[in-house]
Number of protein chains: 2
Amino acid sequence: MFELAPYLRKQQVRVDAFLKAALPPVTTRPALLHKAMTYSVLAGGKRFRPILALAAAQACGRPEAAALTAGAALELLHTYTLIHDDLPCMDDDDLRRGKPTCHIVFGEANALLAGDALQTLAFLWLAALPAAASPARLVAELARAAGSQGVIGGQVEDLLAEGSRPSAARLRYIHVHKTAVLIEAAVRLGAIAGGASEPQIRQLGRYGLALGLAFQIADDILNATSTPEALGKPVGSDQARGKLTYVAVHGLPASRRMARSLVRQAQAALKDLPGPSAPLHALADYVICRKN
Amino acid sequence: MFELAPYLRKQQVRVDAFLKAALPPVTTRPALLHKAMTYSVLAGGKRFRPILALAAAQACGRPEAAALTAGAALELLHTYTLIHDDLPCMDDDDLRRGKPTCHIVFGEANALLAGDALQTLAFLWLAALPAAASPARLVAELARAAGSQGVIGGQVEDLLAEGSRPSAARLRYIHVHKTAVLIEAAVRLGAIAGGASEPQIRQLGRYGLALGLAFQIADDILNATSTPEALGKPVGSDQARGKLTYVAVHGLPASRRMARSLVRQAQAALKDLPGPSAPLHALADYVICRKN
């Protein structure tokens, strides 16, 4: 019987230790920039994407060392998008993971540049992996997922949608691009870095895309129903801002149904993988019952 | 006798054609984002970095196809730094290359995201090159040059220096990091993409670093002495903002002497390269006599 909670704690410690060791020391010139980068990366994330990358390598029966680096690079990239999302010209949020956002602590210009530098560093970590981990392919996959037709495309459509007429098609575009493609990238990068086969990489991609969409629907549900204490950030902010969310478009019961159905789709994609897939299976259940 | 002006025009047309063909069409969803990216990339830059990358491959007697892609990627990266530099929380500039800056035309959030997406795309273009061009190495070299201990480090120190006591050491740090490392990267990436030898790559690195510092000193001189018409952006803005510049710290005559000495250093580094190095030689002279 697989126990998710201790597994998550163990993997989170492992990812945090890697991030702490691999980030440039905060005394590196310019110290202010490296402090801002470290502040946001080590602000206590769940490390969901790196944990997925590790679990993907494991499910393919492959070594996890390169997947850990790839997962950590994904966490840098994810953190940069959060820093930029929180800026006054974007969502203008003061609180993230229960702590003041990067620009509140370091000022807008330094937060902007810390985000920029974390994106750059994500690609450096991938590119510096040994040839067996297919570094150029990892960079290309992450760049496609994170770029103008991936995460950033989703962010732009999200801003365009604020206060506009709700549309289920646009909503799906936003959630797939803003969130799901990076979760898809997490499992694909873990598998590629570990040296998995092409069919295995495709299987994990299907898992990741379904899981990522479920993850974002669950986020919408939490934003509408949680407390600031449980969530570590304001709740009800989506509605106040006129954001396009699954709760706003489909209502709470239908959103919950869709999230559950996507989780089952994700789990079905794990069939016949050569390594242990219990962690990926349990992680899929977890994304729709988590409290933050 | 090598004629620089027609050479520059020819290479600029070649780079512009590549950029136009390789950028995602402006109709790609989200169209607003792709319009903002294209607007800034095609706003009429000199294409100095891509031209250097091409000239570096040529000077090593190597084919130029991969160097063109690498040079174009450098131009994307350079453009992203300009877009972010111009934002209200940074230099707050309304005019760039004689045109309204990206955030003036598309709004702050879209300019921020267009910059982010251009950085991502630069790494995608490098990573997608064939194995013979050493794509992972190109990504790593660009990421080191562009990251927290390269360009972004220089930008942070530049902001810290505004209105502070002038220091020749800090000034050198800023100019080397904010500008010279990316020009060094331009020639190194061109050489690496073309398949040059390690000694050739190192030679070009020495050329690029000296040239890059001369380039930024020349920028300081232009900002202090040019006209807005010739420069395409406001002049005297460095002084008004209390920026640390070579003109402010060393005065105009000493700045001119240093720039000339660096150009000679750069040219000396070109000795014994197997291909035609006349373009690189002439480009070095050009950086300190250009009008914009």
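Two residues are in contact if their C-beta atoms, placed from the backbone, lie within 7 Å. The views below show a predicted model.

**View 1. The contact between chain A and chain B in the predicted model.** On the side of chain A, 43 residues are in contact with 43 residues of chain B. Elements of chain A that each give two or more residues to this side are α2 (31-41), α6 (108-127), α7 (135-146) and α8 (151-161). The most comes from α6(A), which gives 13 residues. Sorted by class, the side of chain A that touches chain B has 27 nonpolar residues, eleven polar residues and five charged residues.

**View 2. The rotation axis that relates chain A to chain B.** Two copies of a chain are related by a rotation about an axis and a shift along it. The same surface serves both copies, for 100% of the contact residues of chain A recur in chain B. Of the residues of chain A, A:Ala136 comes closest to the rotation axis, with its C-alpha at 2.4 Å.

**View 3. The packing of helices α6 and α7 in chain B.** Helix α6(B), residues 108-127, packs against helix α7(B), residues 135-146, at an angle of about 150°, and their axes are 8 Å apart. Because angles over 145 degrees count as roughly antiparallel, α6(B) is described as roughly antiparallel to α7(B). From α6(B), the contact is made by B:Ala122, B:Phe123, B:Leu126 and B:Ala127, and from α7(B) by B:Pro135, B:Leu138, B:Val139 and B:Leu142. By class, this contact of α6(B) with α7(B) has eight nonpolar residues, no polar residues and no charged residues.

How values were computed. Residues are numbered from 1 along each chain as its sequence is written. Chains are lettered from A and ligands numbered from 1 in the order in which they are written. This is a predicted model: local features need pLDDT of at least 70, side-chain atom pairs count only at pLDDT 80 or more; totals for chains, interfaces and linings use all residues. Copies are superposed by least squares on the C-alpha atoms of residues with pLDDT of at least 70 in both. Helices (H or I, at least four residues) and strands (E, at least two) are DSSP runs, numbered from the N terminus. Ala, Val, Leu, Ile, Met, Phe, Trp, Tyr, Cys and Pro count as nonpolar, Asp, Glu, Lys and Arg as charged, and the others, Gly among them, as polar. Axes are lines fitted to C-alpha atoms, for helices over the stretch in contact, and angles run from 0 to 180 degrees between N-to-C directions. Angles under 35 degrees count as roughly parallel, over 145 as roughly antiparallel, 65 to 115 as roughly perpendicular and the rest as oblique.
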